[in-house]
Amino acid sequence: MDQALKPGLYIVATPIGNLGDLSTRAAAVLGAVAAVACEDTRVTGKLMQHIGKKAKLIRYDDHASDATRDHLLALAAEQAIALVSDAGTPLISDPGYKLVRAAREAGIAVTSIPGASAAITALTLAGLPSDRFLFAGFLPAKDKARRDTLAELSAVKATLVFYETGPRLLDTLGAVDEVLPGREVAVARELTKLFEECRSGSASELIGHYTQHPPKGEIVLVVGPPGEREVSAADADELLREALRDRKPSQAAAEVARATGLDRKMLYARAMELK
Ligand code: SAM
């Protein structure tokens, strides 16, 4: 061990792509623990190699047997051990919750070493309200269950953050378009990596783009909150007229769509009539 760490369980966030995002404290803790509980020993082995340290690696996830958990707790009672996931912050759509709960119940000290998480990174990029957000992890894979979950979340007055995969993105955007019409959406892809991008628009605009350019890599989907108030047709007309004074119809429609949550295509058609 490099430096003495108090016995206990250390929850250590690791990079979500760019190894430079491993914090100095995270590297110091990983270099000092007696063992690292991890999802995939090969992935964590590479990280340990990157920091030039060795530790015993123990495979762990929340489906692990009670015996594995008890073994980790017995170690943590006597020595410092770490929990990491393959990437990002453990417990955030990753294993750890049951281990942390059991450690706390057993009176074992739990310390969290914060760092990268794709959900927060996407939220800081999306340009959507960040004062209230709801992280909803992965949506169900089946179409009906996915729509039901979105319908359940439709009344939540907050930005919604989901984890997504390339192969499912178009289906999910289709469901968002139907169940949460008029919301502004951002697709944050390959965060902190070479091909990082964050693309905003309505769900239907993004469907158009990703049909032409099938999405690759890891994805976070961010969906803006519902409009603050019901917008009457007269209110929308007034906002459009104002915007049309110094903007093209497409720009005016985009601006009013952002402000009201109304559908941009519908607003564009109306802007063409009003202009
Ligand atoms: N615990 C991790 C965290 O804190 O971000 C998340 C683990 S979860 C199993 C993996 C999902 O996170 C991916 O499917 C993707 O939705 C998202 N994700 C992870 N890394 C990402 C990245 N570099 N860019 C975009 N999304 C990412």
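A polar contact is taken here as a pair of N or O atoms within 3.5 Å; within protein, one atom must be able to donate a hydrogen and the other to accept it, and residues adjacent in sequence count only if both atoms are side-chain atoms. The model is predicted, so local features need pLDDT of at least 70 and side-chain atom pairs count only at pLDDT 80 or more, while totals for chains, interfaces and linings use all residues. Residues are numbered from 1 along each chain as its sequence is written, and side-chain values use heavy atoms, with hydrogens and water left out.

An oxygen atom of the ligand lies 2.9 Å from a backbone N or O atom of T89. A nitrogen atom of the ligand is 3.4 Å from a backbone N or O atom of A87, and a polar backbone atom of I16 is 2.9 Å from a ligand nitrogen. The protein buries 90% of the 570 Å² that the ligand exposes when taken alone (Shrake-Rupley method, 1.4 Å probe).

The ligand is surrounded by 18 residues, of which D94, S117, A118, Y163 and I219 are the closest (a residue is near if one of its heavy atoms lies within 4 Å). Nine residues of this shell are nonpolar, four polar and five charged. The largest share, three residues, comes from β10. Domain 1 (8–113) and domain 2 (118–223) each supply at least three shell residues, with domain bounds from an automatic or database assignment.

Terms used: Helices (H or I, at least four residues) and strands (E, at least two) are DSSP runs, numbered from the N terminus. Ala, Val, Leu, Ile, Met, Phe, Trp, Tyr, Cys and Pro count as nonpolar, Asp, Glu, Lys and Arg as charged, and the others, Gly among them, as polar.
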